[in-house]
Amino acid sequence: MLLATKFDVSRVQSKGGLIAVGSFRYNCYLADGLIGNRADGSFLDEYDYVDNAQVYVLKSGDRIGGTIRLHILDRSSARSATMSAFYDILQPKILAGLTLIDGARFAVAPDLGARRLSVARQTLRIYANFAKLHDVDYGIAAVSQDRVAFYSQLYGFDQLSEPRSYGGLSKKLVLMGVDLRTSGFADRHARIS
């Protein structure tokens, strides 16, 4: 169990780092019932390797506490698992000239007990920081139906779809979105140092 209250945030930039994230995601998603057992004990996909993907981790010492994969989606680069699943909703936004941020493959260590929410919020702060740094217009996330209220109440996201099949998961996900130009989301949640 992680006991630290402060985590170091870093971008994954090595094959070894991505392998560690794949193992961490696998354990988190398996514990949450989002995937079944896999012989390789890893959960990575093609979108971890696309040019517009940036994977971040929160670590305490050598232990990962949370991770998120971020994609900037615009006319020049619009590849992500969320884009693939919700193309009909997202492509018109991109064609209208909006720049989107997609927070995907979000995972928090399942053994944190009461600290899990705090680590989840710190992980989502990476999303807010990234959105602010890149002057993004619109934020999206694909979440399970039981997380819709969390994203809506805490972050101001609106539900944009009914549940759909999504990138190798056993549960369907809902598309959530927030207009970052008017919501104040990044200003409220980003902490850029």
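Predicted model: local features only at pLDDT ≥ 70, side-chain atom pairs only at ≥ 80, totals over all residues.
Reader: What makes the contact of H4 with H5 roughly perpendicular?

Author: H4 and H5 pack at an angle of about 65 degrees, and their axes are 13 Å apart. Angles of 65 to 115 degrees count as roughly perpendicular. The two helices, H4 and H5, are therefore described as roughly perpendicular to each other.

Reader: Which residues of H4 and H5 meet?

Author: From H4, Leu117, Arg121 and Leu124 meet Phe150, Tyr151, Leu154 and Tyr155 of H5. Contact here requires heavy atoms within 4.5 Å. By class, the residues of this contact are 6 nonpolar, no polar and 1 charged.

Reader: What is the handedness of the crossing of H4 and H5?

Author: The crossing in which H4 passes H5 is right-handed.

Reader: What is the volume of the largest pocket, and which residues are the closest to its centre?

Author: The volume of the largest pocket is about 570 Å³. Its lining holds 32 residues, of which Asp32, Phe106, Ala107, Arg147 and Tyr151 are the closest to the centre. Strand S4 (100–108), helix H4 (116–133), strand S5 (138–144) and helix H5 (148–155) are the elements that each give two or more residues to this lining. S4 gives the most, with 6 residues.

Reader: How do the residues of the lining of the largest pocket divide into nonpolar, polar and charged?

Author: The lining of the largest pocket has 23 nonpolar, 3 polar and 6 charged residues. Tyr counts as nonpolar, and Asp and Arg count as charged.

Notes: Residues numbered from 1 in each chain as written. Heavy atoms only, no water. 1 Å grid on protein atoms, 1.4 Å probe; cavity = no way out; pocket = protein on both sides within 12 Å on 5 of 7 lines; lining within 4 Å. Points joined across faces, edges and corners; volume = space filled by probe spheres on them. Helix = DSSP H or I, 4+ residues; strand = E, 2+ residues; numbered from the N terminus. Axes fitted to C-alpha atoms, helices over the stretch in contact; angles between N-to-C directions. Parallel < 35°, antiparallel > 145°, perpendicular 65-115°, else oblique. Left-handed = near helix turned anticlockwise from the far one by under 90°.
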